[in-house]
Amino acid sequence: MTSTARRKSYGVKGAPYGFLIPASILFVLFFALPIGYAIWLSFRKVQVSGLGLGAGARKEVWAGLENYTDALTDSELLDGALRVLGYGCIVVPVMLGLALLFALMLDSEKVRLAPFTRLAIFLPYAIPGVVAALLWGFLYLPDVSPFYFVLDKLGLPQPDLLDGGPLFLALSNIAVWGGTGFNMIVIYTSLQSIPGEVYEAAKLDGATPLQIALKIKIPMVAPSLVLTFFFSIIATLQVFSEPTTLKPLTNSVSTTWSPLMKVYQDAFGKGDIHAAAAQATIIALVTLLLSFGFLRAANRRNKQEATR
């Protein structure tokens with residue numbers, strides 16, 4: 001092989017790596033390095049000498065696992081995790097249940113105005129989370145909400161949705177309203193990929209539309225349900241914008257209502273970026289472990305069903 005042919009061969013073999021270089025650089029600069037820096041900060045702390053005045057009075061030193069120990073014993077962080085757990089128990093099943101129901105209805109042969117209906121259900125997802133929280137927040141306020149005006153005119157009780165237990169329902173409603181459309185599109189797309197011959201065979205066997213939905217459609221879109229459940233769990237663990245946006249409207253939402261709000265408060269409210277980095281690392285690890293465990297369980301179940 002001549003030198004020219006050899007250079008051409010190397011060029012062809014190295015072309016895929018050349019295309020990967022820009023993405024790899026962006027990944028390292030905006031993903032890997034920030035994560036590494038946050039982990040490094042989580043093992044450091046600021047040591048104050050004397051009154052903390054003068055040069056050298058405040059210096060950064062190695063803290064070991066101290067920040068992690070403090071985070072795991074922090075009652076505010078643990079309380080926020082429990083609140084998010086209760087929030088997720090409402091949001092995830094309701095959102096995915098509605099998404100599956102809407103997808104099955106849109107996939108029905110008798111549905112009318114399907115394109116408009118799909119757009120109407122998906123449209124809330126296109127609205128930014130902060131805007132959606134503000135929109136619903138003002139609808140929850142008794143002084144400006146048209147719903148409270150109607151209830152008052154009808155002489156019906158006017159519940160305070162921004163206080164106590166109803167606050168969880170109010171926050172969950174915002175998430176369900178904004179996220180159902182995206183999950184519906186994922187499930188509906190999966191339904192559209194099912195061959196029509198499967199439905200024809202089921203109809204010839206005398207299956208009703210309800211039986212087709214329960215015994216054919218839902219089992220065949222199980223991978224999409226797993227995917228949407230996976231995304232929903234991650235979004236629930238990272239809830240931040242909704243309670244943060246509603247906080248000025250009610251005293252029931254504290255600055256540490258969710259774990260991410262606690263991280264933000266420690267980093268930018270108290271100026272303790274080292275403790276915040278440790279908390280963020282713990283949240284990321286919990287999210288990773290839950291996601292990995294769920295996906296592994298789902299894959300194991302799929303393999304068991306495939307071998308039957």
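**Aromatic pairs and a helix packing**

Ring pairs join F122, Y125, F182, F230 and F231 into a cluster. The model is predicted. Searching the whole structure gives 15 aromatic pairs. One of them is F230 with F231, with ring centres 5.8 Å apart. Their planes stand at 45 degrees, so this pair is tilted. F230 is buried, at a relative accessible area of 16%. F231 is partly exposed, at 37%.

Another pair is Y264 with F268. Here the ring centres lie 5.0 Å apart. The planes again make 45 degrees, so the pair counts as tilted. Both residues belong to helix α12, which spans residues 259–269. They sit four residues apart, so about one helical turn separates them. Y264 is partly exposed, with a relative accessible area of 46%. F268 is exposed, at 65% relative accessibility.

Now turn to the helices. Helix α7 covers residues 166–192, and helix α10 covers residues 222–237. The two pack at an angle of about 165 degrees, and their axes are 9 Å apart. Angles over 145 degrees count as roughly antiparallel, so α7 and α10 are roughly antiparallel to each other. The crossing of α7 past α10 is right-handed.

Which residues in α7 meet α10? They are F182, N183, V186, I187 and S190. On the α10 side, the partners are S224, L225, L227, T228, F231 and S232. The residues of this contact divide into six nonpolar, five polar and no charged.

Two residues tie the topics together. F182 and F231 belong to the ring cluster, and they also take part in the contact of α7 with α10.

Key: Residues are numbered from 1 along each chain as its sequence is written. This is a predicted model: local features need pLDDT of at least 70, side-chain atom pairs count only at pLDDT 80 or more; totals for chains, interfaces and linings use all residues. Side-chain values use heavy atoms; hydrogens and water are left out. Axes are lines fitted to C-alpha atoms, for helices over the stretch in contact, and angles run from 0 to 180 degrees between N-to-C directions. Angles under 35 degrees count as roughly parallel, over 145 as roughly antiparallel, 65 to 115 as roughly perpendicular and the rest as oblique. A crossing is left-handed if the near helix is turned anticlockwise from the far one by less than a right angle, and right-handed if clockwise. Contact means heavy atoms within 4.5 Å. Ala, Val, Leu, Ile, Met, Phe, Trp, Tyr, Cys and Pro count as nonpolar, Asp, Glu, Lys and Arg as charged, and the others, Gly among them, as polar. Rings of Phe, Tyr and Trp (its six-membered ring) pair if their centres lie within 6.5 Å; planes under 30 degrees apart count as stacked, over 60 as edge-to-face and the rest as tilted. Buried means under 20% relative accessible area, exposed over 50%, partly exposed in between (1.4 Å probe, protein chains only).
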